[in-house]
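Me: I would like a close look at a single part of this model, in one connected answer. The structure is below.

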Amino acid sequence: MPILQPRDEDAVRQEFQRIAGPVKLVVFSQELVAPDLCRQNEQLIREVAALSDQISVEVLNPAVDRERAAAYGVDEVPATVVEGARDYGLRFLGIPAGYEFSNLVDSIIAVSSGEAMLADATKASLATLAGDVEIKVFSTPT
């Protein structure tokens, strides 16, 4: 049974018209650790990818694909990397459903252009940072 309803698919297709270039969704899944969650995440990501010919999906098992998992900094499942022309560090741990779904869609569109959609003043302010900053957003199922 599909996760996305036809109405949702239509809305996402409309949003995906803004995709400017190829996007790869790298899904980390492991049947032995969290089988139901991993299956649901894979299904959702595949349904999302099917809504644009600009989006591809690669499924990896962190226990088997250890080097790739380490390179992406992924050590939990389910996890999804949203990658454009390069890896911008966008990760979704768990299933990006509910309120997080719109963030997934926005992330796909954002990485497709390779350009930060920020005001010039914000870019200038960020340029003054001494180093990289890691931001984590936590959410709970509702």
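Which residues of the largest nonpolar core touch the most other members?

Reply: This is a predicted model, in which local features need pLDDT of at least 70 and side-chain atom pairs count only at pLDDT 80 or more, while totals for chains, interfaces and linings use all residues. Residues are numbered from 1 along each chain as its sequence is written, and side-chain values use heavy atoms, with hydrogens and water left out.

The largest nonpolar core has 21 residues, and those touching the most other members are Phe16, Val48, Ile55, Val82, Phe101, Leu104 and Ile108. A nonpolar core here is a set of buried Ala, Val, Leu, Ile, Met, Phe, Trp, Tyr and Cys residues joined through side-chain atoms within 4.5 Å; buried means under 20% relative accessible area, with a 1.4 Å probe and protein chains only. At least two residues of this core come from each of H1, S1, H2 and H4, and H4 gives the most, with 6 residues. Helices (H or I, at least four residues) and strands (E, at least two) are DSSP runs, numbered from the N terminus.

Ile55 is in contact (heavy atoms within 4.5 Å) with Phe16, Ile19, Val23, Leu25, Val48, Ala49 and Ile108, not counting residues up to four places away in sequence. Apart from this core lies another, of 11 residues, including Phe28, Ala34, Ala69 and Tyr72.

Val48 and Ala49 are also among the buried residues of H2, as are Cys38, Leu44 and Ile45. The cover over the buried residues of H2 includes helix H1 (6–16), strand S1 (23–28), strand S2 (55–60), strand S3 (79–83) and helix H4 (100–113).

Note on methods: Buried means under 20% relative accessible area, exposed over 50%, partly exposed in between (1.4 Å probe, protein chains only).
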